[in-house]
Amino acid sequence: MQITLPDGSIRAFDGPVTGADIAGSIGPGLLKAAVAIEVNGTEQDLSVVITADSSVKILTVRDEAGLDVMRHTLAAQVLARATRELYPGSKLAIGPTIKNGFYYDVEFDAPISTEDLPAIEKRMKDIIAEKNPITLRMLSREDAIALFTERNEPYKVDIIERTEGQDEFQIYFQDNTDFVDLCRGPHLANLGQAGAFKLTKVAGAYWRGDSKNKMLTRIYGTAFGDRKTLKKHLNALAEAEKRDHRVLGKQLGLIMFHDYAPGAPFFLPKGEILYHELSEAMRTLLLGKGGYQAVRTPQLFDAKLWKTSGHWDHYADNMFSFGDDEPQAEVSDSGIMGLKPMNCPCHMLVFGSQKRSYRELPLRICDQGVLHRNELRGALGGLTRVRQFCQDDAHLFVTEEQIESEVTDLLALVGTVYSAFDMEFKAKLSTRPEKKLGSDDLWDRAEAALQNALEANNLPFELKEGDGAFYGPKIDFDVVDAIGREWQCATIQLDYQLPARFDLKYVTADNELATPVVIHRAIFGSLERFIAILIEHYAGAFPTWMAPEQVRVLTVSEKSFSHGESVKQRLEAAGLRVHLDTRADKIGFKIREAHKDKIPWMAIVGEQEMENDSVALRLRTDLRGKGIPEKPSVDQFLELVQETAKRPF
């Protein structure tokens, strides 16, 4: 039997062989480091027998896939066992991996909190120290159900009973113990291979994500191959916690939330300024030279619109709808009205409202209207997951020949916007899924257009085969913030199906009728979520152009009140956002307050500044070291602030 290694070399074996055998044949060092094996693209345990010629890759914790195996084992074999032993009567649900870590959902007899995590961690470390081997066995459906029924594990039984078309199930036994778990695997060969870990938090989670089911306790953890990498990650988490937009948003007076409006943020006066600046910056960029036309569309629509678009069949559970199945004239012909969760069907109506010519294409329609999505209450989180929001949304109606050039322009737009915030970004091209609408020839042309545009802009991209929408391929963008975290933001999606569902037509140059292609695109994504990202990216210290308070004038004493008022008026006359602090507190205290409030420019005025018609500057950290004079005249100061207050796009 022949086994092909990643470098193309081939090793011959007399008969069936395991991953452990292959690793051992290469060297004892690799056998010791191996955590799993990838066989013909599928990950499996080192103990599984390979019976045919195969291409393999031995996985270690240096591989992302190997690290994932280690994290999975920590969740399913270590954390799960620790909770069972420390909390008799607890019932295990699921324990998958997530980015940089893992979690396990458990039903406890009594609530636990983060204060309980150190004790669980200690037990986990003791379990790892046992270095018990982990053995995989396949059990029949009947035997697996009997096993977990006897162990009083109803969630495992539920998983097995709901699984269709599968006669055998993977069961992992931890040798030298009575611990056993149902799991997709693969797992470490023994627990001694587990790396450094830390439990981080607890949260609530409904079984199967359904609010009608029991609320479980989700224990989160993070893990890496060594302590040094774990410590670096924990430091990054601590920095992220300091930048949490929910904390800073409250501290800086930007946003608030109330139980009466779950998932709907309040933007306070300073937050509204921030929101307005972003909204207007994008609007100004698109209109005029950008070639876009702004519209404002209704929020409430007859359900027939969503049935025409197809959203009613696929998205109704995420919509807010009103009325009943019995038609009422005062409600609608169908009896049901729905708040719009997206703008695209509305824009189809705008396009179809009049006869269109090829001369009008590309027709670019933008809309920052309010949207509503019925997110589960347990999934809501600050500004990043809300029920009410606005997108910097636009739909481009184009001919097929215009796709590549329009996408090329959109890629340039993405670069312009993100560079203004000092954010790098990564592009991902998602191609046709298994279940798709349209011919392969159509998808070939659409995918080629997107790829050609990416290559023409010299943009590296990750190919995500099969991740496209059912109606067309797409390009998604992840921005990278100041501490290296990636956030999915912009999207460019081709859609051949929605214009066809609305029977949209335009007159071609040959006086024939043709259906346009629609490009869905958003750059910020939702303004709410993008503001959350920016708060954390800048740690609340916004650039001057978008800072809610651009200048704070600080008086030293009553004698300089009049000069402070004069400086304020001159700056405000130039359109700047200024606050005058005339409190009787000491100037040092006022300066510390201004720094705490993340004010970019602090202008101190005393008797000397009054005589010279000047200000004494204190600058936020990011403005220092740029050759800005310490005591400019008021006119010079005005020019300095005006220059940094210009919108960058």
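How many bridges join β19 to strand β21? There are 3, and the two strands run antiparallel. This is a predicted model, in which local features need pLDDT of at least 70, side-chain atom pairs count only at pLDDT 80 or more, and totals for chains, interfaces and linings use all residues. Residues are numbered from 1 along each chain as its sequence is written, and side-chain values use heavy atoms, with hydrogens and water left out.

**Domains**
- The protein chain is divided into domain 1 (2-57), domain 2 (65-240), domain 3 (255-299 + 340-537) and domain 4 (551-644). These bounds come from an automatic or database domain assignment.
- The centres of domain 3 and domain 4, taken over C-alpha atoms, are separated by 41 Å.

**The sheet**
- An open sheet is formed by 3 strands in the order β19-β21-β20, with antiparallel pairing. Strands pair if DSSP finds at least two bridges between them.
- β19 (300-302) and β20 (321-323) are the edge strands, each pairing on one side only.
- From one strand to the next, the twist averages 30°.
- Strand β21 covers residues 336-339. In β21, G338 is the bridge partner of F301.
- Strands (E, at least two residues) and helices (H or I, at least four) are DSSP runs, numbered from the N terminus.

**Helices α5 and α6**
- Helix α5 (residues 141-150) packs with helix α6 (residues 154-162) at an angle of about 165°, their axes 8 Å apart. Axes are lines fitted to C-alpha atoms, for helices over the stretch in contact, and angles run from 0 to 180 degrees between N-to-C directions.
- α5 and α6 are therefore roughly antiparallel to each other (angles over 145 degrees).
- The crossing of α5 past α6 is left-handed (the near helix is turned anticlockwise from the far one by less than a right angle; clockwise is right-handed).
- R141, A144, I145, F148 and T149 of α5 make the contact with K156, V157, I160 and E161 of α6. Contact means heavy atoms within 4.5 Å.

**Helices α13 and α14**
- Helix α13 (residues 403-420) and helix α14 (residues 440-456) pack at about 45°, with axes 9 Å apart.
- α13 and α14 have a right-handed crossing.
- I403, E404, V407, T408 and L411 of α13 meet A449, L450, N452, A453 and L454 of α14 in the contact.

Definitions and conventions:
Parallel < 35°, antiparallel > 145°, perpendicular 65-115°, else oblique.
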